[in-house]
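The stops below are given in the order in which to select them.

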Amino acid sequence: MPALYTHIHATLSQPTWFYLSASPYNLHPFLHPFIHSTYPPGPILLRDASWMDLSGFLAGLTQGTQAYKRNRMQRLHRMLPKRKVVCVGDSTQSDPEAYADIYRLFGGGWVRRIFIRKVTGIAGMDESKNAPKRFEKAFEGVPSGVWTVFEDPAELYEAVDGLVK
């Protein structure tokens with residue numbers, strides 16, 4: 001994945017990066033060095049889960065991953081409505097559903113492409129997470145040319161190159 005991100009970064013002339021994760025913010029000290037030594041720089045958006053803010057803590061415990069990511073993406077859209085975004089996620093949680101929701105909400109004027117890495121080889125992972133029917137259902141109403149499910153990041157280089165044409 002680092003090589004793909006480097007390719008995206010170079011091809012799209014150093015775009016702004018946001019790393020959106022449903023992980024709790026107290027993992028930031030561990031995630032920050034890894035992300036910024038391996039991927040292009042950008043803010044890491046993590047889930048609020050603090051005992052100091054009870055409403056944030058409760059929301060962190062009760063809001064599902066799909067709703068959390070959709071909410072954060074809506075906030076990004078309010079801040080950057082004229083920017084174009086490329087969503088990169090994976091099949092382990094709710095990235096396909098969350099990013100498809102955002103596409104349906106804001107359309108291709110904001111979301112240019114959605115790339116979902118099909119994660120394999122994880123012990124105990126529910127294989128239905130990688131079923132073609134799951135992706136077809138998640139991306140219902142989203143043009144097929146907008147979303148791509150991939151296993152090898154090299155599969156996306158041509159699609160990334162097409163974003164500048």
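**Stop 1**

Select Arg-134 and Glu-97, whose side chains meet in a salt bridge at 2.9 Å, N to O. A salt bridge here is a side-chain nitrogen of Lys or Arg within 4 Å of a carboxyl oxygen of Asp or Glu. The pair links distant parts of the chain, with Arg-134 in helix H6 (residues 132-138) and Glu-97 in helix H5, 37 residues apart. Helices (H or I, at least four residues) and strands (E, at least two) are DSSP runs, numbered from the N terminus. Arg-134 and Glu-97 are both buried; buried means under 20% relative accessible area, exposed over 50%, and partly exposed in between (1.4 Å probe, protein chains only).

Before moving on, note that this is a predicted model, in which local features need pLDDT of at least 70, side-chain atom pairs count only at pLDDT 80 or more, and totals for chains, interfaces and linings use all residues. Residues are numbered from 1 along each chain as its sequence is written, and side-chain values use heavy atoms, with hydrogens and water left out.

**Stop 2: Ser-94**

Ser-94 touches Thr-65, Gln-66 and Arg-134, leaving aside residues up to four places away in sequence; contact means heavy atoms within 4.5 Å. Is Ser-94 buried or exposed? With a relative accessibility of 17%, Ser-94 counts as buried.

**Stop 3: a salt-bridge network**

Next select Arg-70 and Asp-101, which form a salt bridge with the closest N and O atoms 2.6 Å apart. Arg-70 sits in helix H4 and Asp-101 in helix H5, 31 residues apart, so this pair too links distant parts of the chain. Arg-70 is partly exposed at 27% relative accessible area, while Asp-101 is buried at 18%.

Asp-101 and Arg-104 are three residues apart in helix H5, which separates them by about one helical turn. Arg-104 is partly exposed, with a relative accessible area of 39%. Through shared partners, salt bridges join Arg-70, Asp-101 and Arg-104 into one network. The count of salt bridges in the model comes to five.

**Stop 4: the largest pocket**

Select Tyr-5, Phe-18, Tyr-19, Leu-20 and Val-88, which lie nearest the centre of the largest pocket among its 38 lining residues. On a 1 Å grid over the protein atoms alone, where a 1.4 Å probe fits, a pocket is an open set of points with protein on both sides within 12 Å along at least five of seven lines; lining residues have an atom within 4 Å of a point. The volume of the largest pocket is about 1,200 Å³, a volume being the space filled by probe spheres set on the points, which are joined across faces, edges and corners.

Which element gives the most to this lining? E3 does, with six residues. The lining divides into 24 nonpolar, seven polar and seven charged residues (Ala, Val, Leu, Ile, Met, Phe, Trp, Tyr, Cys and Pro count as nonpolar, Asp, Glu, Lys and Arg as charged, and the others, Gly among them, as polar).

**Stop 5: Tyr-25**

Finally, select Tyr-25 in the loop between E1 and H2. Tyr-25 is partly exposed, at 40% relative accessibility.
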